[in-house]
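Here is a short briefing for a first look at this structure. Please view the sequence and the model, then read the points below.

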Amino acid sequence: MKIWAFDVDETLEISNGPVTLQSLMDLRVQGDVVGICGNWACLTTRVIGWQHLVSFINCVPEYWTNGVRSDKSDFLKLLKQYVPADEHILVGNILGEKNSLGFICGSNDKESAEKAGWKFVKEDDFAASRKPKVYSQSQLGPVIEHPFSGQIGVNSITGEKAVVMVPEL
């Protein structure tokens with residue numbers, strides 16, 4: 001099992017990024033753990049049914065210890081310490097670089113991953129490696145009927161709805 005943590009801004013499709021919500025669900029269906037290590041409020045306010053998509057969000061308030069501010073790496077270190085897995089992977093940005101959609105990335109996720117001992121995958125590399133998957137009903141098992149007919153979110157760039165199948169886990 002792998003643990004995947006995703007940055008949000010300039011990473012996920014709901015906030016100017018190339019990574020689709022469907023690709024997160026694909027990881028869950030294959031048995032991995034998926035969560036958010038970034039602007040979690042963007043996910044919880046824009047994605048209906050977000051709680052079916054991710055297993056964790058980094059909603060720990062920033063804190064200061066001995067004059068040092070906490071950052072993403074602190075959250076990632078805690079996850080690695082208390083959630084064992086074959087691999088821990090952060091998908092996110094390199095500060096100041098443009099993503100494939102032309103947006104300048106505002107967080108240094110690569111550095112946070114390195115500080116926490118996590119593997120880092122750039123958002124564009126992750127998105128490019130994902131092929132849309134079609135699942136049969138037998139692969140998914142029971143599917144929860146979503147009150148919004150499976151329309152889970154809105155792509156912040158195109159305005160199109162992002163559709164995610166929500167398997168009963």
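Over residues 161-169, pLDDT stays under 50; pLDDT is the predictor's confidence in each residue, from 0 to 100. The model has 35 contacts beyond four places in sequence for residues 161-169, where a contact means heavy atoms within 4.5 Å. This is a predicted model: local features need pLDDT of at least 70, side-chain atom pairs count only at pLDDT 80 or more, and totals for chains, interfaces and linings use all residues. Residues are numbered from 1 along each chain as its sequence is written, and side-chain values use heavy atoms, with hydrogens and water left out.

**Confidence**

- The average pLDDT of the chain is 81.
- A score of at least 70 is reached by 70% of the residues.
- Residues 143-152 also have pLDDT under 50 throughout.
- For residues 143-152, the model has 22 contacts beyond four places in sequence.
- Where pLDDT is low, the predicted coordinates should not be read in detail.

**Overall build**

- The chain holds six helices and nine strands. Both are DSSP runs, numbered from the N terminus: helices are H or I with at least four residues, strands are E with at least two.
- Of the 169 residues in the chain, 44% are buried. Buried means under 20% relative accessible area, exposed over 50%, and partly exposed in between, with a 1.4 Å probe and protein chains only.
- Among contacts in the chain with a separation of 6 or more, 65% join residues 24 or more positions apart.
- The chain exposes about 8,900 Å². Carbon and sulfur atoms supply 54% of that area. Accessible areas come from the Shrake-Rupley method with a 1.4 Å probe; for residues, only the protein chains shown count as cover.

**Cysteines**

- A search of the whole structure finds zero disulfides. The cut-off for a disulfide is a pair of cysteine sulfur atoms within 2.5 Å.
- C37 is buried, at a relative accessible area of 0%.
- C42 is buried too, at a relative accessible area of 5%.

**Positive phi in a loop**

- Most residues other than glycine have a negative phi.
- E10 has a positive phi, near 65°. E10 sits in the loop between β1 (2-6) and α1 (21-29). The relative accessible area of E10 is 14%, so E10 counts as buried.
- N16 also has a positive phi, near 65°. The loop between β1 and α1 holds N16. N16 is partly exposed, because its relative accessibility is 21%.
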